[in-house]
Amino acid sequence: MATAVTVLYNAFVSINAVDRSEQVDSVSLPMTVAELDATCMGSDTTVHEPGLKGFSLDIGLKSDFTDDEDDEDFHALWDARTKFAVLIRPSATAVGVGNPSYAFTGFISSWNAIQGSVGELSTTPMTITNTSALVRAVT
């Protein structure tokens, strides 16, 4: 059986109810489960149990310092430690089985307002850390 693959051409990224997709050049949603050591005396092998789930969203954006655009908006969210809605999909097309949405509430835990070297485009890497559970939807 052939495996379906996805090439990201037009991922959808909404931050604080604003579509930021046209500025995004990378998106990553790493999910983790804490490994709890459940080993007891007399064991000769380390035993683990799954603990709490965790995740964050890592995005890369092309910098936009225009008035009322990304830099101004993100600085305000970061500065006020604002919690906001996040919604992402592999494609900007409608939500469906082949294009699930992932939604959560989070805050900017890491933001690099200016990044680049001479002659390069300025980029803005950002990490948004969750303050809620992650909801995956296909409808």
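**Notes on rings, core and contacts**

1. Let me start with Trp111, which is buried at a relative accessible area of 17% (buried is under 20% relative accessible area, exposed is over 50%, and partly exposed lies in between, with a 1.4 Å probe and protein chains only). Please keep in mind that this is a predicted model, where local features need pLDDT of at least 70, side-chain atom pairs count only at pLDDT 80 or more, and totals for chains, interfaces and linings use all residues. Residues are numbered from 1 along each chain as its sequence is written, and side-chain values use heavy atoms, with hydrogens and water left out.

2. The whole structure holds two aromatic pairs. Here rings of Phe, Tyr and Trp (its six-membered ring) pair if their centres lie within 6.5 Å; planes under 30 degrees apart are stacked, over 60 edge-to-face, and the rest tilted. Phe55 and Phe104 make an edge-to-face pair, with 5.0 Å centre to centre and 85° between the planes. Phe55 belongs to strand β5 (residues 48-62) and Phe104 to strand β7 (residues 101-111), so this pair ties together parts 49 residues apart in sequence. Helices (H or I, at least four residues) and strands (E, at least two) are DSSP runs, numbered from the N terminus. Phe55 is buried at 11% relative accessible area, and Phe104 is buried at 5%.

3. Back to Trp111: its ring and that of Trp78 have centres 6.1 Å apart and planes at 45°, so the pair is tilted. Trp78 sits in helix α1 (residues 70-79) and Trp111 in strand β7, so parts 33 residues apart in sequence are tied together. Trp78 is partly exposed, at 40% relative accessibility.

4. What sits over the ring of Phe12? The charged end of Arg89 does, 4.1 Å from the ring centre. The criterion is NZ of Lys or CZ of Arg within 6 Å of the ring centre and within 35 degrees of the ring normal.

5. Beyond its neighbours within four places in sequence, Ile15 is in contact (heavy atoms within 4.5 Å) with residues including Phe74, Leu77, Phe84 and Ile128.

6. Finally, Gln23 lies in the loop between β2 (18-19) and β3 (24-28), and is buried at 16% relative accessible area. Setting aside residues up to four places away in sequence, Gln23 touches Gly60, Leu61, Lys62, Ser63, Asp64 and Asp70.
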